[in-house]
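Below is what I looked up, entry by entry.

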Amino acid sequence: MSTELRVEKVSKSFPGVNALNEVNLTLKGGSVHALLGENGAGKSTLIKIITGVYRADSGSLKTNGEEKFFESPVEATHAGIAVVHQERNLIPEFSIEENITLHNPPTRLGIVDQSERTRMAKEALQTLGFEIDLQERVKNLSVAQMQLVEIAKALVTHAKIILLDEPTASITNAETVKLFKVIKNLKDSGSAILFVSHKLEEVYEICDTVTVLRDGESILQSQPLENYKQSEVVDAMVGRHLTDRKVELREVNRNVMPVLELVDVQTALGHEKISFSLYPGEILGMYGLVGAGRSELARSVLGLHKITSGEVKLNGQVVHIKTLRDALHIHHIGYVTENRKEEGLFLTFPVRKNISITVLSRILQKLGIISFQKEDAISSKYVERLGIKVVDNNQLAGTLSGGNQQKVSVAKWLAAETNILIIDEPTVGVDVRTKASFHELIIELANTGLSIILISSDLPEMITIADRILVMRDYELVDNIHNIKDYPTISRAVMTAIHPV
Ligand SMILES: Nc1ncnc2c1ncn2[C@@H]1O[C@H](COP(=O)(O)OP(=O)(O)OP(=O)(O)O)[C@@H](O)[C@H]1O
Ligand SMILES: [Mg+2]
């Protein structure tokens, strides 16, 4: 019989939330199934129940006709199910090949067969078109490279059922194209694939069937995707009609002293002759391919890497920022890191603490003690503002859905009320509705005078909200485009800048 996985009437509650309520879903060999829903809808929870990470409260799971829930992830792996979870599961101190073969290292005479291990890891990475030294420690990789290692780790098992929870959230478009080729090959060879993504264009490109979750219920159940228009799928996710929003062109006064100015900056990482100015209330986009050096430049300005020559000026004064702490407390610059999973949040702390952490010292200074009321008031304000799905402010950040964790890490910087905010890839992994409200919020903040540097690989996002776009290629600024909200013209200019002829 061909491969099949059936989820029937599965329910799961956590304290205060019904994460899944009698959910049904059928995966079939030879097809790609989209699992969609807003942040917190229950997608990752369902994947964790299928793979034995969580235990369901009720319902059943049938794999190729056999009814049984897996007791552990190992059992699911042995039953031929591979998974790429939304959060990373790599061991930073281990090499790439050790990570890829972690769950089933090849052995010979009872010891690990090193050359076979290298061969397996190489083959899995090659199918993704990803070339890298297999002995490199995972801790030295970029976010995108780590994601590719995660995917290779799933492919190496040659499983017939493959569950992918937002595999494309942090990889480039070119890497996505390669991943999609791999997915199509797997599908042609009879595998059943589950694909989670907030990028609907991708979903329409490779998925055959769809299940939509809303507040833990399966609103659409294993339907052919071609029967639904994109707007209908969005309506199913959101539960109401989402109207298109128009963005107005903003006026930015550039005849004043810039709040931030870089003059011929060179960094230890290889940036050359970087000069630009950021004006009060401006949203300055920084576009480029993943790896172009944008985050690295931001981190250098903030003191995380060395600036070897040139000047950084704040309000006309030359400064030498040494640490992120100084950047925040002395210079009033906030930085929402791209690497939010590792650097952005204290997962074992409540949401309340995570949001108010940047303002704690201010509260402390003024009152001499930390006011819990104040902490609560600040966090409630942003929980509401960003629509963060929590039971209450005391919920631990680690138990929020991936997208809601993202929102908390952005909220904490908004709460800090800085003069300059550098935001790195703000909407990766964020659902469509929230993305629109993020954009509104960023524009509103700029309207109140906050200067923002927006690093994003999402071109439509860039064009929607940036006043001006700097384009970076290979650690150099190659263009400075005044945004005129004419999509085709700007995208052509940007594309020419990043891919020179
Ligand atoms: N370990 C846990 N403890 C408590 N609550 C949890 C836990 N895991 C998930 N939840 C809650 O279950 C709900 C569903 O979360 P889930 O992670 O499945 O969402 P999701 O659809 O994957 O969202 P996203 O798109 O943001 O990744 C959320 O309200 C979340 O806070
Ligand atoms: Mg999730």
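For the record, helices (H or I, at least four residues) and strands (E, at least two) are DSSP runs, numbered from the N terminus. This is a predicted model, so I keep in mind that local features need pLDDT of at least 70, side-chain atom pairs count only at pLDDT 80 or more, and totals for chains, interfaces and linings use all residues. Residues are numbered from 1 along each chain as its sequence is written, while chains are lettered from A and ligands numbered from 1 in the order in which they are written.

I checked the backbone of H158 and found a phi near 50 degrees, a positive value in a residue other than glycine. Most residues other than glycine have a negative phi. H158 counts as partly exposed because it has 14 C-beta neighbours inside 10 Å. My cut-offs: buried means 20 or more other C-beta atoms within 10 Å of a residue's own, exposed means 12 or fewer, and partly exposed is in between, with C-beta atoms placed from the backbone.

**D264 and its sheet.** Phi of D264 is also positive, near 50 degrees, in a residue other than glycine. D264 lies in strand 13. Is D264 buried or exposed? It counts as exposed, because 11 C-beta neighbours fall inside 10 Å.

I then traced the sheet: four strands form an open sheet in the order 14-13-16-17, with antiparallel pairing. Strand 14 (274-278) and strand 17 (317-318) are at the edges with a single partner strand each, so one side of each has no neighbour in the sheet. Strand 13 (residues 260-267) pairs with strand 14 in the antiparallel sense over four bridges; two strands pair if DSSP finds at least two bridges between them. In that pair, L262 stands opposite F276 of strand 14.

Strand 1 (residues 4-14) and strand 2 (residues 17-28) run antiparallel and are joined by eight bridges. F14 faces V17 of strand 2. Two residues lie between the strands of this hairpin, where G16 takes a positive phi near 90 degrees.

**Domains.** I noted three: domain 1 (4-238), domain 2 (244-332 + 420-428 + 452-501) and domain 3 (339-417). These bounds come from an automatic or database domain assignment. How far apart are the C-alpha centres of domain 1 and domain 2? They lie 34 Å apart. Five residues of domain 1 are in contact with five residues of domain 2, where contact means C-beta atoms, placed from the backbone, within 7 Å. The domain 1 side that touches domain 2 has two nonpolar residues, three polar and no charged. Here Ala, Val, Leu, Ile, Met, Phe, Trp, Tyr, Cys and Pro count as nonpolar, Asp, Glu, Lys and Arg as charged, and the others, Gly among them, as polar.

**Ligand 1.** There are 19 residues around ligand 1, and N39, S44, T45, S401 and G403 come nearest; "near" means a C-beta atom, placed from the backbone, within 6 Å. Strand 2, helix 1 (43-50) and helix 15 (402-415) each give two or more residues to this shell. I sorted the shell into five nonpolar, twelve polar and two charged residues. Why does ligand 1 lie between domain 1 and domain 3? Because both domains give residues to the shell around it.

**Cores.** The largest nonpolar core has 67 residues, of which L284, A411, I452, I453 and L454 touch the most other members. By core I mean a set of buried Ala, Val, Leu, Ile, Met, Phe, Trp, Tyr and Cys residues joined through C-beta atoms within 7 Å. Helix 15 supplies the largest share of this core, six residues. Domain 2 and domain 3 each contribute at least three residues to this core. Another core lies apart from it, with 63 residues, including L35, L46, I50 and I162.

**V410.** I found V410 in helix 15. V410 counts as buried because it has 25 C-beta neighbours inside 10 Å. Leaving aside neighbours within four places in sequence, V410 is in contact with V336, L386 and P426. Y382 is 28 residues from V410 along the chain, and their C-alpha atoms are separated by 9.5 Å.

Key. Contact = placed C-beta atoms within 7 Å.
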